[in-house]
Amino acid sequence: MLYAILCYDSEEVVGAWSAETETAVMARLGAVQDRLRAEGRLGPVARLMPTTAATTVRKGAEPLVLDGPFAETKEQLLGFYVVDCDSLDAAIEVAAELGRASGSAGAHEVRPLMLYRPGEAQVEAS
């Protein structure tokens, strides 16, 4: 089963990291990613640009385009991982491992993925 692990944290805190802290955190996260890749369990990984680079398109009869993120929140979505795990418990363990590697106070949200392919029935990712 594929799971998305959504990474939430304070942009203000993460953006204030020194170059040394950033390098150390990315090295620890890289070690987790390397292990998952070697096991054939790592899918796409993305780090999002800051919310100051975001544009929001509000749904409706007339779409409304706004600069910036949708809502003011304490933590922002900073990126995501797609991992292949046998169970939710296994995906939670990966999220916990990523959390230990990041060393920050944010959160990881774990969600099963459902793949959508035009012209095909919806299927759970496996």
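Which residue forms a salt bridge with glutamate 22? I looked this up first.

**Entry: basis.** I worked from a predicted model, in which local features need pLDDT of at least 70, side-chain atom pairs count only at pLDDT 80 or more, and totals for chains, interfaces and linings use all residues. I number residues from 1 along each chain as its sequence is written, and side-chain values use heavy atoms, with hydrogens and water left out.

**Entry: glutamate 22.** I found its partner to be arginine 47, with the closest N and O atoms 2.5 Å apart. I took a salt bridge to be a side-chain nitrogen of Lys or Arg within 4 Å of a carboxyl oxygen of Asp or Glu. Glutamate 22 lies in helix α2 (residues 19-38) and arginine 47 in strand β2 (residues 42-47), so this pair ties together parts 25 residues apart in sequence. Helices (H or I, at least four residues) and strands (E, at least two) are DSSP runs, numbered from the N terminus. I noted glutamate 22 as partly exposed, at 22% relative accessibility. In this scheme buried means under 20% relative accessible area, exposed over 50%, and partly exposed in between (1.4 Å probe, protein chains only).

**Entry: arginine 35.** I then recorded a salt bridge from arginine 35 to glutamate 97, whose closest N and O atoms are 2.3 Å apart. Arginine 35 is in helix α2 and glutamate 97 in helix α3 (residues 88-102), so the pair ties together parts 62 residues apart in sequence. Arginine 35 is partly exposed, at 30% relative accessibility.

**Entry: network.** I recorded a salt bridge between arginine 41 and glutamate 39 at 2.7 Å, N to O. Arg35, Glu39, Arg41 and Glu97 are linked in a network of salt bridges.
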